[in-house]
Structure formats: structure tokens, C-alpha cells
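Please look over the sequence and the model shown below before reading on.

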Amino acid sequence: MRDVEIAVIGAGIAGIATAYYLAVRHRRVRLLIVDMGPPMTLTSAQSGENYRNWWPHPVMTAFTDHSTGLMEDIARRTGNRINMTRRGYVLATREARPEALLRQLHAGYGAAANASIRVHDSTSSTTYRPPDSADWETAPGGVDVLLDRALIRQHYPAFDPEVATLLHIRRAGDISGQQLGQYMLEEIRAAGGRFLRGRVTAIGTHDRFTVETEADGVRETVRADLVVNAAGPFAAHVAALHGEDLPIVNVLQQKIAFPDKQAAISRRMPFAIDLDGQSIDWTADERDALAADPGVDWLLQPMPGGMHCRPDGGERGQWIKLGWAYNSKASEPTREPELDPNFPDVVLRGASRLLPALRAYIGRLPRERVHYGGYYPMTAENWPLVGRTRTPGMFVVGALSGYGTMSACAAGDLCARAVVGEAIPAFAQSLSLARYQDQQLMAELRSAKSRGVL
Ligand SMILES: Cc1cc2nc3c(=O)[nH]c(=O)nc-3n(C[C@H](O)[C@H](O)[C@H](O)COP(=O)(O)OP(=O)(O)OC[C@H]3O[C@@H](n4cnc5c(N)ncnc54)[C@H](O)[C@@H]3O)c2cc1C
């Protein structure tokens, strides 16, 4: 039997980040991370690894800004071992003067909006500068709003010529989530924290916690004063082991990556998102075939916006990644989710609308292509759950949806503070289960037009 102060269930990026702040910042080193698989191999291995501070609500903006600051600290201290880049996110729409979108942009940056948002139209005297490198330390902050088609064409000639407005979110880019997890694990081990391979099968709450684990038929009991549930898509299952419900559902999302042998995408393109919904441009024969098959006829229906594309592997690389979180159906999580074989074709056709040069790959995707996916564990409002649960001594860091890589540092820091009883910043009060007591906030979130799902 092992006896520790803190057991963290889950060695994805959320559990590792929590353990890192507990061990390294708070010096709580009688700490054990338990996982049924090797660290960073479930959802955390499927991440697109992008980050952004663009959200429909200032609380989520503050949360990811806090996380980005912590990632920048690590990048600075380690000679950028986490490969942080910052070319931003460019969000494209064919709507000229999209008032609702611009209102949402202002709402998301809250009090900082006026100072952060720079508008460029045919009458303004401001200068828009696209990123001249991927360097996060010299990149600007704020947001550029391009309302001038000629300006958009000048800087983004590969985009659909119908694009009329472009938002360029500047505090955004990508990191290596695997390197971040690896670095944190090394620091946890150096501080004295340990890892145990095993599936948690039962949790007793009488007289401290009794966490029962099993690996290859070998059972082991871990006694702990405090437990952190960082079980990703299985967080609700783990909570059920000690008789608690968590309001989390899982939604499968997918991506593809392939070598851009035709150089369809500029290696300097920021992460690009098509905000507009679309009906896929099938040929007449394809439409007939889809209509005849009730399993796939939904592909003829209008699809939501949010298709995204970016070059992967830097300026000298060749790969690109495409994603589109169009699935909204919750499902029971498994370790190896069944992917939709239609996804690569669908996302490619969707992407070809914003980036017409990608049409060259329809029906001709390179054989080396990779199709992958995992679950977004989500609350209904798409906010995370970080902090105490109803069971005294039990904490949760989860429901990190499609933003767990970018927010892991903040989620880990906030959860670690909750565990040791240290004060948390004002914005973080509503990121725990406590927010469900705030009727006004919940009514606001339930009526929001966007939940920031990407
Ligand atoms: C396709 C896709 C693209 C994404 N793109 C991005 C992106 O661009 N940017 C971004 O920020 N985020 C992105 N995300 C989200 C991000 O990957 C996740 O939010 C993050 O990895 C979640 O980390 P986690 O530690 O909560 O979960 P996980 O990585 O799933 O870790 C949970 C761990 O708990 C363990 N566990 C569960 N139950 C038990 C048990 N009973 N006993 C022992 N161990 C258990 C599991 O084995 C697992 O290792 C994406 C997600 C997907 C699916």
C-alpha cells in the first residue's frame, strides 16, 4: 500500500500541470500521479496544440490569457523547449461589417476591448502588419479587424475572394503540448513526485481516501488525504466511483494532417478559420449517392462554421492540419474511439471553400495522411471545471473541451491553489462547480449566442 498526501488521477496535460504546480510551486511532493496508460497518450496526444485568447466571454479570455502568460514563462526559462509560436488566428467571414461578430469580439475582451481592437478599413489611417515571423516574443497583442477587401486580398491572396472581413487575433499560435507535458513531468520527478501505472477501479471516502488501482491483474491501494480527478473524458466515471455526478458530456472531434506536396498553403499563414457555415459543394452524382444512404445523407445539410487549417512544422515543414468540430452529439467515451471514415473528405471539401487551392487534393489525399480524433469533455456552457467538488478533499480539473492544451497551465495552477487553500484570482471563481449557484451567470451563459467551441 502506498500512502501519499495527494493522488492525481490522470496523466494527461491537466493532471500533469496540476501536479507540476503542486510539486514545483507549492512544494507538495508526497504526490502520486496515477494513470491506466502512459502519460500524455489519451486526449492530450490528439490535440491540435493551438492557443488563443479569443472567447465570447471575458472570463474565458482571462483564463487563457493567464495560461498563455504561464506558458510564456516556461518558454522563456527553457529556451522555448515547448516550441511556442505566435502568428495569431485569422478568422474570415464573407459578411461585410459583421455587427454581431464585432459586438461579440468587444464583449469577449471586456474592459480591454477598446485598447485592444484596431480597425482597418478603406478610410482608416492605421497600418496592418501581418506577422513577419513566428516569434512569440516580438509578436503584437490585441486584434486587427480588416474591413477592406483590397487589404485582405493583398495579405491573404490564397483566401476565397468573397471574404469581406478578417479578424486577426494576435495573442494566439501553437505550442508543443507533448514537450510541455514532458518538461513538467521531469520537474515533478525532480521535486519528488511519483507516477503509478494503474486503472482506478474504486475510491473509498471513509477516513481519508482509499484509491484502488489495477494494472495487468496486479491490484494496489493508495491512501491519500486529497485527490484530484483529472481523468479527461472519464472524469464523470471517476466521480461516480465516490458517488458524485459531474455535469460533463463527451463529444468526439477529429482532425487530419497531410504533407502539402502541392504547396497549396503558405508556410507563413496564421491558423486560419472559416467562420461561415456552408453546404458542401458535392457534385450532382455525389448528392444522389449521399441522398440514397440514410447513414450519410446528413452531409447534404448545411454545416456550421469553424473549419480550421494551419501549416504544421514551421516554415521548412510541409505538413498541414485541418479540423472542423461539426459534431455536436455526445457519446460514451472509449479509449479508442471509432473515427468517421468520411471525415477526411468532408473537412477537405469544407476547407477548400476558404482555401480554394486545397481542391487539388479532393479524391487525391496523399497516402501519408493521418486521421485522428478524441473527445471534447464539455459542460453545457463549454466552461471548465477546476476546483473543489462536493466531496471534501476531492478536486476536479477537467471539462477542458477543445482548449485543454492552451489552458492546462492556468487550470493546473488554479486547481493546485484550490488544493493547498491559496486564494485564486477573481475571474477564476466561476470556473469551478460553484458557478452553478450563480443563477444570473448561468442564465447569461445559457442564452449566449456562441460558446467558443472550435
Ligand atoms: C481532435 C482534438 C483537437 C484538439 N485541439 C486542441 C487545440 O488545438 N488546442 C487546445 O488547447 N486543446 C485542444 N484539444 C483539447 C485538448 O487536447 C484536451 O482538452 C486536453 O488534452 C485534455 O487533457 P486532459 O488531461 O484533461 O485529458 P486526457 O489527456 O484525456 O488525460 C486523462 C487521463 O486520465 C486517465 N484516466 C481516465 N480514467 C482513469 C482511471 N479510471 N484510472 C486511471 N487513469 C484514468 C487517462 O488514461 C488519461 O491519460 C483538442 C482535442 C481534440 C480531441
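How many Å apart do the C-alpha centres of domain 1 and domain 2 lie? The C-alpha centres of the two domains are separated by 31 Å. The model described here is predicted.

**Overall build**

The protein is divided into domain 1, made of residues 2-49 + 177-247 + 380-446, and domain 2, made of residues 89-172 + 250-378. Domain 1 gives 14 residues to the contact between them, and domain 2 gives 15 residues. On the side of domain 1 that touches domain 2, six residues are nonpolar and eight are polar, with no charged residues.

The secondary structure of the protein comprises 11 helices and 19 strands. Along its principal axes, the C-alpha trace spans about 65 × 55 × 45 Å. A compact globule of 454 residues would have a radius of gyration near 22 Å, and the protein agrees with this because its own value is 22 Å. Buried residues make up 45% of the 454 residues. Among contacts with a separation of 6 or more, 75% are accounted for by residues 24 or more positions apart.

**The nonpolar core**

The largest nonpolar core has 118 residues, and those that touch the most other members are Ile6, Ala7, Ile9, Ala17, Val228, Ala411 and Cys415. Helix 10 supplies the largest share of this core, with 10 residues. Domain 1 and domain 2 both give residues to the core, so it lies between them.

Cys415 gives a view of the packing in this region. Leaving aside neighbours within four places in sequence, Cys415 is in contact with Thr18, Val228, Val386, Gly387, Phe395 and Val397. Of these partners, Val228 is also named among the core residues that touch the most other members.

**The surroundings of the ligand**

There are 41 residues around the ligand, and Gly10, Gly12, Gly48, Gly232 and Gly404 come nearest. The shell has 18 nonpolar, 19 polar and four charged residues. Domain 1 and domain 2 each contribute at least three residues to the shell.

Several elements supply at least two residues each to the shell around the ligand, including helix 1 (13-25), strand 2 (31-35), strand 3 (50-52) and strand 10 (199-204). Strand 13 (249-259), strand 17 (370-378) and helix 10 (404-420) do likewise.

**Individual positions**

| Residue | Other C-beta atoms within 10 Å | State |
|---|---|---|
| Met184 | 27 C-beta atoms | buried |
| Gly402 | 24 C-beta atoms | buried |
| Asn83 | 19 C-beta atoms | partly exposed |
| Pro302 | 8 C-beta atoms | exposed |
| Asp216 | 6 C-beta atoms | exposed |

Met184 is found in helix 6, which covers residues 177-191. Not counting residues up to four places away in sequence, Met184 touches Ile16, Ala17 and Tyr20. Met184 and Val200 are 16 residues apart in sequence and 23 Å apart in space, C-alpha to C-alpha.

Gly402 lies in the loop between strand 19 (394-398) and helix 10. Gly402 is buried because 24 other C-beta atoms lie within 10 Å, where 20 or more are required. The contacts of Gly402, not counting residues up to four places away in sequence, are Gln253, Ala325, Tyr376, Val453 and Leu454. Gly402 and Met378 are 24 residues apart in sequence, and their C-alpha atoms are 8.6 Å apart in space.

Pro302 is placed in the loop between helix 8 (284-291) and strand 15 (307-312). Apart from neighbours within four places in sequence, Pro302 is in contact with Gly277 and Ser279. Pro302 and Ser279 are 23 residues apart in sequence but 4.4 Å apart in space, C-alpha to C-alpha.

Asn83 lies in the loop between helix 2 (58-77) and strand 4 (89-93). Asp216 likewise has a positive phi near 50 degrees and is a residue other than glycine. The loop that holds Asp216 runs between strand 11 (209-215) and strand 12 (218-229).

Notes. Residues numbered from 1 in each chain as written. Predicted model: local features only at pLDDT ≥ 70, side-chain atom pairs only at ≥ 80, totals over all residues. Near = placed C-beta within 6 Å. Helix = DSSP H or I, 4+ residues; strand = E, 2+ residues; numbered from the N terminus. Nonpolar A, V, L, I, M, F, W, Y, C, P; charged D, E, K, R; others polar. Domains from an automatic or database assignment. Core = buried A, V, L, I, M, F, W, Y, C linked by C-beta atoms within 7 Å. Buried ≥ 20, exposed ≤ 12 C-beta atoms within 10 Å, placed from the backbone. Contact = placed C-beta atoms within 7 Å. Rg over C-alpha atoms; globule rule 2.2 N^0.38 Å.
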